[in-house]
Amino acid sequence: MKVAVLLSTYNSAKYLRSQIDSILNQSYSEFELYIRDDGSSDETLQIVTDYMQRDSRVILLDDDGLNLRSARSFLRLLAKVEADYYLFCDHDDVWLPTKLELSLLGLKTGIDKDDSLPTLVATDLAVVDQDLNLISNSFASYSGIYPQLLQAYPALAATNYITGCTAAFNRALRDKALNYSLDCVEMHDHWLALVCLHEGGIIRYLALPTILYRQHRSNVVGAKARRFPASLMLLPVSLKVLQRYIAQAKSINKDITAGSIIAAKIAYRLKYLALRWL
């Protein structure tokens, strides 16, 4: 069984060592860490080289060094690495010691014997500041996300709950995903989850934190505390994001309509309000 951890770096020198250390010290040790650098101009590549010399599990992808941005860089890794199981990994977090073990256990629970069914596992996260001081034990609670309400394709298309830095998935999902166009990918984690649903696969959410999700000024997405009704001030921004989400969903499922996605978004917000206030 080959397990591949996929890490995209970009000017990652500040936090990279603590992340790689946390990966190499996992309770499950039979894996390889594949790194693609997205055109760093700091000491990132030197740090990666140092680790490669110390641990044969660390492998730097021989790529063109172009700046593809986060989603495309991860998808380039996915296309180039052959494995049985994959895990996405951000450059600035810290993995808890059993993260890999728990993710693999989640993947192997309830799948068919030949592992042919696309399967994805995601988990909760502990939100921490740049110095790893705890902000919240639950990213889902902190951000006002209810994964149990987002299981159908239109609902997931409108509101993502899959955090890529916790995602683990099997080769069946990877192979299916690479058959789709990448033209409308908004974020690699959300896109991959939609592919999984569209292909009749399984998405399993583990409501326990497996990483320390570090918050700092350079986060690509980050955790934002949801304070309703103050969050209504973000409605114009949310509408722009929703337009991109609709395009992403339709690139995977040609039959989905914008109306069904918008209706799912409204229904989710109403259920969210009920859960928060009742």
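Where does arginine 57 lie? Let me start there: arginine 57 sits in the loop between α2 and β3, where helices (H or I, at least four residues) and strands (E, at least two) are DSSP runs, numbered from the N terminus. Before I go on, please keep in mind that this is a predicted model, in which local features need pLDDT of at least 70 and side-chain atom pairs count only at pLDDT 80 or more, while totals for chains, interfaces and linings use all residues. Residues are numbered from 1 along each chain as its sequence is written, and side-chain values use heavy atoms, with hydrogens and water left out.

Back to arginine 57, then. With a relative accessible area of 17%, arginine 57 is buried, and here buried means under 20% relative accessible area, exposed over 50%, and partly exposed in between, with a 1.4 Å probe and protein chains only. Not counting residues up to four places away in sequence, arginine 57 touches Leu24, Ser29, Phe31, Glu32 and Leu33, contact meaning heavy atoms within 4.5 Å. The side chain of arginine 57 also reaches the backbone oxygen of serine 29 at 3.1 Å. That is a polar contact, defined as a pair of N or O atoms within 3.5 Å; within protein, one must be able to donate a hydrogen and the other to accept it, and residues adjacent in sequence count only if both atoms are side-chain atoms.

In helix α2, residues 44-54, the buried residues are Thr44, Ile47, Val48 and Tyr51. Seen down the axis of α2, these buried residues fall within an arc of 100°, so they line one face of the helix; the arc is that of the directions from the helix axis to the C-beta atoms. They pack against β1 (3-9), α1 (13-24), β2 (32-37) and β3 (58-60).

Let me turn to helix α3, residues 69-80. At 1.5 Å a residue, its 12 residues should span 16 Å, and its end C-alpha atoms are 17 Å apart, which agrees; the expected span is 1.5 Å times one less than the number of residues. In α3, the buried residues are Ala71, Ser73, Phe74, Leu75, Leu77 and Leu78, and what covers them includes β1, β2, β4 (85-89), β8, α7 (171-177) and α8.

What about the nonpolar core? The term stands for a set of buried Ala, Val, Leu, Ile, Met, Phe, Trp, Tyr and Cys residues joined through side-chain atoms within 4.5 Å. The largest one has 77 residues, and those with the most contacts inside it are Leu6, Leu33, Leu120 and Trp191. Helix α8, residues 188-198, gives the largest share of this core, 6 residues. If we take leucine 120 and leave aside its neighbours within four places in sequence, its contacts include Ile162, Phe169, Leu192 and Cys196.

Now to the charged side chains. How many salt bridges does a search of the whole structure find? It finds 10, a salt bridge being a side-chain nitrogen of Lys or Arg within 4 Å of a carboxyl oxygen of Asp or Glu. Arginine 171 forms one with aspartate 175, the closest N and O atoms being 3.3 Å apart; both lie in helix α7, 4 residues apart, about one turn of the helix. Arginine 171 is partly exposed at 27% relative accessible area, and aspartate 175 is partly exposed as well, at 31%. Aspartate 175 also forms a salt bridge with arginine 174, where the closest N and O atoms are 3.0 Å apart, and arginine 174 counts as buried at 4% relative accessibility. Glu82, Arg171, Arg174 and Asp175 are linked in a network of salt bridges.

Lysine 176 forms a salt bridge with glutamate 199, the closest N and O atoms being 3.8 Å apart. This pair links distant parts of the chain, with lysine 176 in helix α7 and glutamate 199 in the loop between α8 and β9 (202-214), 23 residues apart.

I will finish with asparagine 160, in the loop between α6 (153-158) and β8 (168-170). Is asparagine 160 buried or exposed? At 18% relative accessibility, asparagine 160 counts as buried. Its side chain reaches the backbone oxygen of isoleucine 162 at 2.9 Å, and, leaving aside neighbours within four places in sequence, asparagine 160 is in contact with Ile145, Asp189, His190 and Tyr245.
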